[in-house]
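These are my notebook entries on a single chain. I set out to look up its backbone, its salt bridges, its helix packing and its surface.

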Amino acid sequence: MIPTGSDLAMITPPGAAASAGKSGFVPGNQVTLLQNGDAFFPAVELAFDRARYEIYLATYIYADDATGRQIAVALKRAVLRGVRVYVVIDGYGSSDLPGHMRDQMRKDGIELRVFRPGISPWTLRRKRLRRMHRKIIVVDREIAFVGGINIVDDRASASDIAPRHDYAVAVEGPLVDAIRNSAVQSWSVVAGKALRSRADRNAELPVSTFPGGPMNAAFLLRDNFRHRRDIESAYLRAINLAQTEIILAQAYFFPGFRFRHGLINAARRGVKVVLLLQGKVENSLEHYARRAIYSNLLDAGIEIHEYHKSYLHAKVAVIDGHWATVGSSNIDPFSLLLAYEANLVVDDKGFGAALTQSLKMSVVSDSQQILAANWKQQPMIVRFVSWLCYGLMRLMTEISGYDLENGRDNDLADVKDP
């Protein structure tokens, strides 16, 4: 079994409850799994309508569609009740959000800020890759949402028969304060405002009325200063300690040497390793570059399933049935060592079982397994394209300062938060 002690190497983020101890896990929480927008957005709206003091929302994509407008209306309702609303969107991910909608949100009393606006996607400046990829919502000190779901319609187009496959969690309990402190910090930095102490921030709101829950959970960040490797380290520790099963679902999967060989070594010592990956082509370069490493993984006995029912947007894992993570971080250089990410880790058999069941249903019903024998019979042109894309991905990541094979950042000068 994976221990829950200090050898998990989880870093307790600023503001976590003192009871977290050395493990990084905070006890006494209730974490609810939310699958897809059908579960996520109604839960978020309900929380907004119950808000009494403040709402913080940070998202990579905020779209001008039915979902984006519905959330904006819910935020406006909260403002009209006297609730303070703070929203941070990413300048690149939300570049399509029109000015008139931003202006209307601000007119409605929503404090809207944009993280790094106006950086050209064609520039070679490293900072353009430092995107705010987190998806975090915090309401009062009562409830927080963490996951991979943006503020955007669940279907990529009107013709889609199924929504994007994605997850988030609702968190109630003492860990909410840690998530809130992160959200406050992000908004304050982007807004250019002085950051008050954690004690002052927490003292201004009443303590949560939530009676407590049975789950141990940890909130992990990836930034460019104090938490550069927290999410990747948590993954690697759990993978290296796995004994029975690893199930990992990723929209973008382009791991470095250490992560890839962590999975291979786990499979070779008898752990069942199942990867649920994107089947539809959403990013051609990443899609074919990822397929270049399939042979290496299949030869080790790792199961690879490509999801085809809709677009896979999940960034989740379950290990040994009780260690589970849901968040915004993909397993690729962009997420693991460039973007600002947030994941929640839960150590709980009930939560692990729920996520495992959902993932296995997707594997059985909505995916196609890649078989080693068939994979090796691919036409030479297909293999050439995959390795060409792999080489281009390697080149791009190395230009950005990321050492793919060793999984480290070669540019240590840019270590400050935005």
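I began with Arg116, which sits in the loop between strand S4 (111–115) and S5. Helices (H or I, at least four residues) and strands (E, at least two) are DSSP runs, numbered from the N terminus. The model is predicted, so I noted its limits: local features need pLDDT of at least 70, side-chain atom pairs count only at pLDDT 80 or more, and totals for chains, interfaces and linings use all residues. Residues are numbered from 1 along each chain as its sequence is written, and side-chain values use heavy atoms, with hydrogens and water left out.

Arg116 is not a glycine, yet its phi is positive, about 50°. Most residues other than glycine have a negative phi. Arg116 counts as buried because its relative accessibility is 15%; buried means under 20% relative accessible area, exposed over 50%, and partly exposed in between (1.4 Å probe, protein chains only). I recorded Asn36 as well, a non-glycine with a positive phi of about 65°. Asn36 belongs to helix H1 and is buried, with a relative accessible area of 11%.

How many salt bridges does a search of the whole structure find? I noted 15, a salt bridge being a side-chain nitrogen of Lys or Arg within 4 Å of a carboxyl oxygen of Asp or Glu.

Arg77 pairs with Glu45, with 3.4 Å between the closest N and O atoms. This pair links distant parts of the chain, 32 residues apart: Arg77 is in helix H2 (residues 66–80) and Glu45 in helix H1 (residues 36–50). Arg77 is partly exposed at 33% relative accessibility, whereas Glu45 is buried at 14%.

Arg141 and Asp177 form a salt bridge whose closest N and O atoms are 2.7 Å apart. Arg141 lies in the loop between strand S5 (136–139) and strand S6 (143–147) and Asp177 in helix H4 (residues 175–191), so the pair ties together parts 36 residues apart in sequence. Arg141 is buried at 10% relative accessibility, and Asp177 is buried with a relative accessible area of 15%.

Glu245 bridges to Lys360, the closest N and O atoms being 3.3 Å apart. Here 115 residues separate Glu245, in strand S9 (residues 245–250), from Lys360, in helix H11 (residues 349–365). Glu245 counts as buried at 16% relative accessibility, and Lys360 as partly exposed at 37%.

I also recorded a network of salt bridges that links Glu286, Arg290, Arg291 and Glu306.

I looked up helix H6 (residues 230–241) and helix H7 (residues 257–268), whose axes come within 9 Å and cross at roughly 20°. H6 is therefore roughly parallel to H7, a term for angles under 35 degrees. Axes are lines fitted to C-alpha atoms, for helices over the stretch in contact, and angles run from 0 to 180 degrees between N-to-C directions.

Which residues form a nonpolar patch on the surface? I listed Ile381, Val382, Phe384, Val385, Leu388, Leu392 and Leu395, with about 610 Å² of accessible area together. Patches are made of residues with over 30% relative accessible area and no salt bridge; nonpolar side chains (Val, Leu, Ile, Met, Phe, Trp, Tyr) are joined within 5 Å, like charges within 9 Å. Accessible areas come from the Shrake-Rupley method with a 1.4 Å probe. Ile381 lies in helix H13 (residues 380–399) and counts as exposed at 56% relative accessibility.

How values were computed
Angles under 35 degrees count as roughly parallel, over 145 as roughly antiparallel, 65 to 115 as roughly perpendicular and the rest as oblique.
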